[in-house]
Every structure is written in C-alpha cells, then in structure tokens.
Amino acid sequence: MGGNHYQTNEVERIGFITRVQSFSACHRLHSKSLSDEENRKIFGKCNNPNGHGHNYKVEVTVRGKIDRITGMVMNLTELKQHIEEAIMIPLDHKNLDEDVPYFADVVSTTENVAVYIWDSLAKLLPPSLLYEIKIYETDKNIVVYRGE
Ligand SMILES: Nc1nc2c(c(=O)[nH]1)N=C([C@H](O)[C@H](O)COP(=O)(O)OP(=O)(O)OP(=O)(O)O)CN2
Ligand SMILES: [Zn+2]
C-alpha cells in the first residue's frame, strides 16, 4: 500500500506542454505569382506596399512521454532556448518579407509563418516531439499547424 508510485509495470503517461512566446514583425501579403491587380483584390489592405505590423503570439506545444525519473516531457528551459533560436532570432523586429530569406518567394501569411516555425523547431527538437504551433496574428486571427 502507498509508497512508490512509479512501479516498472505502470503504464506510460503522455503529456502535452506548451510555451508561449511573443514577437513583433511587419509584413505585406503579396504573391509574385499574381498581378498587382490580383494581389490588391485578394489581399486588400494587407497588400499595402509599405506593409503593416503585428504583435504575434506563438504557442509551441510538444507531446511526449512523461519521464519517470525527471517528471518531464522535456525541460521547458531547453524548449525556451530552441524557441529563441527558431523564432526570436530570425523573426523578432524583422520585416518578414525582406529580412527572412524563406519569405522571399513564400507569402508571409500566418499559415506560412506557422510552417516556417514548425520546420525550424522540428530540426532542433528530438524526433516526433513537436505537436502543434498555434499563432495569434491578432486577437481574432488564429492559425494552428500540426506538421501535416
Ligand atoms: N488566411 C489568412 N488570411 C489573412 C491573413 C493570414 O495570415 N491568413 N492575414 C491577414 C493580414 O495579415 C491582416 O493583418 C489581418 O488583419 P485584420 O483583418 O485587420 O485583423 P483583425 O481581423 O484582427 O482586425 P479587425 O479589423 O479588428 O477585425 C488577412 N487575412
Ligand atoms: Zn498582417
């Protein structure tokens, strides 16, 4: 009775942990595959030639086994360091279209920002650990990407 809760035959527990990070950037929605007129029609005010800015909020979620010894899916301090490398250094206070080579030919929609962050983080994290990238572009515009 009582005592050690971590018996060797106990089932594996799966946990989800999330770290939130904000960054500021400007961008313009514009596709090189479309005419100027088509761009204006599709993207409207977001096609403004001089761009506009957002305070993006990103939620990075990893999913994995809760380690019986450490009690962690992964160390959040380590996740914080990866987020610094994958999000803050390349994106914070940047013009996404001009400063981030990835967006030279990829429209900087929040969907594509989520894909960019996913691909960058997936290279830094152990395989299969990354579960979801959720970005609040504004309080009302929210994008989820799960690597599919
Ligand atoms: N599918 C997508 N559609 C749009 C995206 C996007 O990333 N994916 N982005 C934009 C623009 O970047 C734009 O900045 C959104 O701004 P806005 O519509 O003004 O944002 P809100 O809805 O929060 O503003 P309110 O005016 O307060 O409603 C457009 N579309
Ligand atoms: Zn925008």
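Cys46 is partly exposed, at 22% relative accessible area; partly exposed lies between buried, under 20%, and exposed, over 50% (1.4 Å probe, protein chains only). This is a predicted model, in which local features need pLDDT of at least 70, side-chain atom pairs count only at pLDDT 80 or more, and totals for chains, interfaces and linings use all residues. Residues are numbered from 1 along each chain as its sequence is written, chains are lettered from A and ligands numbered from 1 in the order in which they are written, and side-chain values use heavy atoms, leaving out hydrogens and water.

**Cysteines**
- Cys26 is also partly exposed, with a relative accessible area of 30%.
- A disulfide is a covalent bond between the sulfur atoms of two cysteines.
- The whole structure holds 0 disulfides, counted as cysteine sulfur pairs within 2.5 Å.

**Ligand 1**
- Around ligand 1 stand 13 residues, and the closest are Lys45, Thr110, Glu111, Thr138 and Lys140; a residue is near if one of its heavy atoms lies within 4 Å.
- This shell has 2 nonpolar, 7 polar and 4 charged residues. Nonpolar covers Ala, Val, Leu, Ile, Met, Phe, Trp, Tyr, Cys and Pro; charged covers Asp, Glu, Lys and Arg; polar covers the others, Gly among them.
- Strand E2 (52–65) and helix H4 (110–124) each give the shell at least two residues. Helices (H or I, at least four residues) and strands (E, at least two) are DSSP runs, numbered from the N terminus.
- Thr138 places a polar side-chain atom 2.6 Å from an oxygen atom of ligand 1.
- For Lys140, a side-chain N or O atom is 2.8 Å from a ligand 1 oxygen.
- For His54, the corresponding distance is 2.9 Å.
- Ligand 1 has 620 Å² of accessible area on its own, and the protein covers 60% of that. Such areas come from the Shrake-Rupley method with a 1.4 Å probe.

**Ser108**
- Ser108 sits in the loop between helix H3 (96–99) and H4.
- Ser108 is buried, at 0% relative accessible area.
- Setting aside residues up to four places away in sequence, Ser108 touches His27, Arg28, Leu29, Leu96, Asp97, Phe103 and Val113; contact means heavy atoms within 4.5 Å.

**Glu148**
- Glu148 lies in the segment after strand E5 (142–145).
- Glu148 counts as exposed, with 86% relative accessibility.
- Glu148 and Met88 are 60 residues apart along the chain, and their C-alpha atoms are 24 Å apart.

Definitions and conventions:
Polar contact = N/O pair within 3.5 Å; in protein donor to acceptor, adjacent residues only side chain to side chain.
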